[in-house]
Every structure is written in structure tokens, then in C-alpha cells.
Amino acid sequence: MKFVVAVKQVPDTVLIKVDENGSLIRVGVPSILDPYSEYAVERAVALKEEGDSVIAVSMGPEQAGSALFRCLEIGADEAYLLSDPAFAGADVHATSRTLKAFVEKYVSDAALILCGKQAADGDTAQVPAELAEMLDRDQFCYAVDIERDAGSFIIRQDYGDEIRTCRAPEGSVVSVQEGDVNRPLPSIQRFIDVSSVEIKKLGRLDLGLGTFSVGLKGSRTKIVSSRAVRTERSGRVTDGTDPRAAASFIKGVL
Amino acid sequence: MDESKTAGEADGLLVPEEEADVAEAVRTAVSEGTCLTVSGMRTGMCAGAVPHGGYVLSMEKMDRIIGVGRDGRGYFVRVQPCVTVRQLNDFMRRRGFVSAVSVTEGAAEQLAAEGREFFYPVDPTELDGSVGGNIATNASGPRTFKYGPTRDWVRRVRAVLSDGSVLDVKRGDIRAVGRRIPIPFSEGVREIDLPSYEYNRAVKNTAGMLSEDGMDAVDLFVGSEGIFGVITEADLYLAESHPLMSNIVFLPRNGDAYALSRDLPGSGVVPEFLEFFDSGSLDLIRASRAEDPRFTDMPDIPDYAGSALFFDLPMDGSITDKYRMLEPVLEAHGGSLSRSWCGHELKDRERFFAFRHSVPQTIFEYVARLKGSSAPGINKMGTDMSVPLAHLDEMMSAYDEVITRHGLEYVMFGHIGNGHPHAEIILKDMDDFEEAKKAYAELARKAVALGGSPSAEHGIGKMKTEYVRMMYGDRGVEEIRAVKEKMDPGWVLNPGDMVVR
């Protein structure tokens, strides 16, 4: 079986700070494999049995190769970087279309297509759904556990207020929201082994995509303007020693 | 209170915002006939910042990075004393120097335009300690293995002396002639006679003040625990940084990691440092993880691991060759390249250090609980002794023999590559504590007899003044006291630290 994992490289949001205009200060902040992408890779690797392979794919600039290297370190077997100047500025639609072209052309027999539930930078959470729609496959989101079960998969989904367990057919798109509590580390041997694995680069023509279906030109979203929103607390406090007074205070505020 | 968890009491708190306030505080203390205890981030482990009367002089508001400069040796950062090591690291990592002030012409612009990256290479385990405290204690860390202690990176200090005057001195400005060094005070130069002992630089050592023929005046303030002046500003050199790979290799039996640490240098691979964990310290982490699986934020320690060795290697094109060189040595001690963790991303490398820090941290918390409940007088008993590598085998046997003879359990971890592992004695009650003190003193004497130091990195403070005597004898202590008398006749600055009046 082949498991495709679509991953994204993001700035390490734990380290990132925001300037007074609300813009991200990216200087000196390392780029990492998106944490949810990492969970998806972990889940795919855990599903692997003898003869199976995990194929990581990412659309991004050259430096996104380091996120794919991380996928290899934690257990992926192959890695593809979809990189082309024409891909720059892609929104959800253009990104999904590019990923769709990759899946159809290179791994149309994928047993599962896994994604993170959303990326830590853009936070749209739309790519898995759009990709599933374009590929005409079933989609399962919020996966916290995936098991193999005779040609299909049992997926546990955490909706916050309920846990659903579903049977997903082969070929489904699954977005993952939970992995190991502790980020995995490769062994030295694994690092040596994957150091010689080639990260294959594919451009627009390799995927057979026209200029108007990718990148900024293929995007349907236009950012008109953005602004930082700050909320400030009013600072009104009740000490609660007299519950009756506290209750009427709260009522007054509401 | 500091990390030693000993409590003190003071008559008042002074929080200077600038150097003039520090000078004012010193003059006030002198005129009132009282004293000052300088306090930074209170991360010290020997009660150096714990006052016994007088004022506490908290440097907390002097926490600014002033700018960057450059001289013949290279780039340096100018800092106020309460900048933390973490703050300094962040400043470099986030390229704060791009918008920083140049203290020598064009330095900030030059540094910003560099293709190379730089960092401050002293890496005390406690990153939240102040650089003023780091200088005053000549702090070190794992990377001291390669880069030396804080002393090697101090370019210049500004210090308020006991008469309220300010001494601004950089390396090369004032040097001793033989063991006599002239220090300018407001009413004139005082000739200071440095102690006659041979200061042990061959091992990591923070016992007593440095004393050498031709010593630089900067070194009078580095490692002297603030008893000669209050540091108000310093220049710290930067080193060029290279990408690194952190590694932990797991070995099957308790003694294997130590044995490997002895053989590893023979493989031809030069690590940035060598830190080890014995089976007890791995079990300590395992126990904490059983309660909280997120503890240390690392994968589970493999069941087969009886000890482990932690080291960094330069992450360059030759790293796989280096691993191949290591492989036979590793296998000779029951390990393999598969039984290991490695990580090169910044967040992973930070996790390796957190993992290392979790051992003393766990013991700290355990002892703090005892202190808060059944044994208020108890303190953590972790050894801080270094010996030359040639005598490390003998010292390791001594740790086992002496601590066991006193009926105590211990775990060992730490800077094995510097001949400076920490033996943490596990205490259950005050009886254990009393026994541990005896064992500790015996081990300290052993370390000194083997040409080592009884206080390699934690300093002396108020808790280990006896080790200065152990190291340099009555005469050495008298000589340090004589320097103190000359520099600070009223014993106004940090009285009780390093030497007792």
C-alpha cells in the first residue's frame, strides 16, 4: 500500500513574534515541518507494513526540502517537492489543484492521502476538503487514530464534543489532528540512511498544469487588506467575597 | 532566597536603574556602616545572593543590551548585568543586532552584513541566570569543553568599587607586575597584592579568586563573586557559530556510557562536549515521565538503556563519516548507531538540553519538597568536583566507594568530558543530609588530592567557603581576605561570599 502525506513548511509559530503593526517577524525564526503535518506523517508511518511505502509531498520553495527531510527522518520512504516559480502565491484552490495533479499523475493508487488538519501559519484547514473534492474521494477530518481493517481503515475523529469512529474506504483523504505527545526523533542510523535519499523535484510542466491553474494566477482568493485586531480587557473585577454582590455585578456587566 | 533554597534576611531593598544609582547605593551602605548583597536572577546554587542583613542590591532593572562592537579579536556585545544568557542568545538568534547601537564605529552594520553567524558560546545549564552573575562566578556549561568558561569571553567590565567610584577596564589596560596589581580608586591607586597560590586552570575551577603573575585587572572581577566591585556593564565576545547535531547514544549497562566517554576521543571524532547519564539518572527521568508523559518532551527512553552519552557534533558534510568513525567504538561498548536519538533543528536541540537539565531539576524539586515538609534544614547535595582526566577513573571509584560507605544512594550525570560529573546524593531525611555532608567533604578532599577542584562551576557563595581553605590552605584564605581588605575595607560588598571576615 502507498500512503501519501501532503505536508507544509511553516515558520516555527512557537518562536514567532508579532510587531506593533500585527505583522509576523520572521527574521531568525526557523522554518519547520508544520506540527499537524508531522502528526500526519507519524500516523502514516505507524500504518506501514512490510512492502508499504509512505510518500511525503510538499508544495513550496527550495528550502521546503528541509521539511521533507524531516518527513524522511521520522519514517517516510520517498519525498517529492513541488517547486516552481509559477506556484508562488497559491491560495487553497491553486494549492489543492497542484496537489491533485501530483496524486493523479504519480500515486493514483494511494491507499490513503493524509494531511494535517490545518497549517500553523495560514490556519485555513481547507486544503484537505478541497483536495478530496477535486479527487472525488471521501474525506475524514479531525483524525486522532487510524487503524487498518481488512482493506479499509477505522478512523477515530475527535469533534471536540463527540468522538466518532468511522470506516473509511481505501483512497480516502484524512486530515490528522493528533500524533504522539512527544515529537519523535530519528536514530543516528536513520539519519544516515535518509541523508542519501533524493528529494525529487517536480515543476509545473512535470505535473501538466497550465500557468492559469497554479500560483497567484490560479488563485481565487485576493487579499484586499489585513489589519491587526487587539482586544483589551476592561479590567473590571469583582472579588466574590459576597456572592450576591458578585452575581449582581456580573449581571450588570452582561 | 536563591536556587540553593536557603533563606536570608535584609533590612532593605535597593533597585538601581543606572550605574549612578549603584554608586549611590554603595556610598549609602558605607555611610550607614552596613553592607550590600548583589542580586541578579537568583539562580545561584551556593547562596551568594542570599543576604544576611544590610541591603539587597537587585540589578533587575539593568537588563538592557546596549549594543555591539568589534575589536582586533572580533565582535562583542555590550550588556548591562541583568541581561540573561537566554536574552543574549535570543538577541543573536533573532538578529537583534541589525537594529542595535554600534559601540565601535559601524560594528552593528558590519555584523548585520556578515555571511557568517555568531553566538555567545558559554552555555550554563541555567539560561535564565544573569550575565553579571555569570561573570561574577565565571560560569561554565557543557560547551566549556570546547570554548572554556565565561572568563575567556569577557572583554571589558565596568564595576562600582567600594568607595563608590567606577572602574572601566578592558583586557590589556591594567596588568599585574608579578602578583601586584594597581587598581585606581577615587582617592588614588591602591596596590593590591594577589594571593601567592597556584590557581588551578588545568581543570574547571571556581574555587577562590584567580591569581596569576601578570594577571589582567578584568580577571580580578571575573569569578570573584562580586566581593571586589559591583559589575554594572560588560563586553562579551562572540564566537562564530556552526550548525550542530545533538546526539544521545544509549548503552546497555550502567558503566558503559562512562567507559565509552573514555574511549570516544580515541575514535578521532571531536565532539563539542561529552555529557553522560548513569542508570539512576535515566530511571529518574523515567519515573517523572511515568507521572507525566510530556516530561522532557522527548520520546520514551528505550527499555534496554542502562546509561547514555550526550554530545554535539558539527553538522557539516562530514557528519556521516564521523558517525562511521564512531560506530566501532560505540559497538565495542554494546551500543549501535540505531540505538540513539539525533536532532539538528533548533527546537530539537533545545529538547536535548532540556532533557539533560531535567536530571538536576528533578532532584531540585524533590529536595525542595523535603525542605517544605519533613526536613526544613535540608539542601541538595550534588557534587561539583572536577579532576584531571588522567585521574577520573580513580575519582569515579571514590564516588562509588565513599557515598556507598556512608550508606547513601546516588545518581551520576554531567560533564564527563571535563572530568566533572555531578554525583547527586539522594536524601530522604536530615540523617541522610548529615551523612552526605561528611561524604561530600571526603570527596572534595579526594578531588583536591588528585589535582582537581572541589568547586568546579557552582562557585563558593556562602555555602562552600571551607573548600577555599581546602584548596589553598589557611594562607590562601588569608591572602584572599587581604585582597578583600584592600579592595573593600568595610566589607560592604557581598560580605560572607567566598571568604568570611
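**Contact between the chains and packing within them**

In this predicted model, 17 residues of chain A and 22 residues of chain B make up the contact, where two residues touch if their C-beta atoms, placed from the backbone, lie within 7 Å. On the side of chain A that touches chain B, helix α5 (residues 188-195) of chain A gives the most, with five residues. Helices (H or I, at least four residues) and strands (E, at least two) are DSSP runs, numbered from the N terminus. By class, this side of chain A has ten nonpolar, five polar and two charged residues. Here Ala, Val, Leu, Ile, Met, Phe, Trp, Tyr, Cys and Pro count as nonpolar, Asp, Glu, Lys and Arg as charged, and the others, Gly among them, as polar.

Residues are numbered from 1 along each chain as its sequence is written, while chains are lettered from A and ligands numbered from 1 in the order in which they are written. Local features need pLDDT of at least 70 and side-chain atom pairs count only at pLDDT 80 or more, whereas totals for chains, interfaces and linings use all residues. The model scores ipTM 0.83 and pTM 0.85. For chain B, the average pLDDT (the predictor's confidence in each residue, from 0 to 100) is 93, and 100% of the residues score at least 70.

Chain A contains six helices and 13 strands, and its C-alpha atoms fill a box of roughly 70 × 45 × 40 Å along the principal axes. Of its 254 residues, 39% are buried, a label for residues with 20 or more other C-beta atoms within 10 Å of their own; those with 12 or fewer are exposed, and those in between partly exposed, with C-beta atoms placed from the backbone. Taking the contacts in chain A between residues at least 6 apart in sequence, 70% join residues at least 24 apart.

Beyond its neighbours within four places in sequence, Ala132(A) is in contact with Arg137(A), Asp138(A), Gln139(A) and Val173(A).

Turning to chain B, helix α11 (residues 392-405) and helix α12 (residues 430-449) pack at an angle of about 160 degrees, with their axes 10 Å apart. Axes are lines fitted to C-alpha atoms, for helices over the stretch in contact, and angles run from 0 to 180 degrees between N-to-C directions. The two helices are therefore roughly antiparallel; that term covers angles over 145 degrees, with those under 35 roughly parallel, 65 to 115 roughly perpendicular and the rest oblique. Their contact includes Met395(B) and Tyr399(B) of α11(B), and Leu443(B) and Lys446(B) of α12(B). It has eight nonpolar, no polar and two charged residues.

Helices α8 (residues 279-291) and α10 (residues 346-372) of chain B also have axes 10 Å apart, at an angle of about 75 degrees, so they are roughly perpendicular. Ser281(B), Leu284(B), Ile285(B) and Ser288(B) of α8(B) meet Ser358(B), Val359(B) and Thr362(B) of α10(B). This contact has three nonpolar, four polar and no charged residues.

Finally, Asp488(B) lies in the segment after α13 (465-487) of chain B and counts as buried, because 21 C-beta neighbours are inside 10 Å. Leaving aside neighbours within four places in sequence, Asp488(B) is in contact with Ser162(B), Ile227(B), Phe228(B) and Leu493(B).
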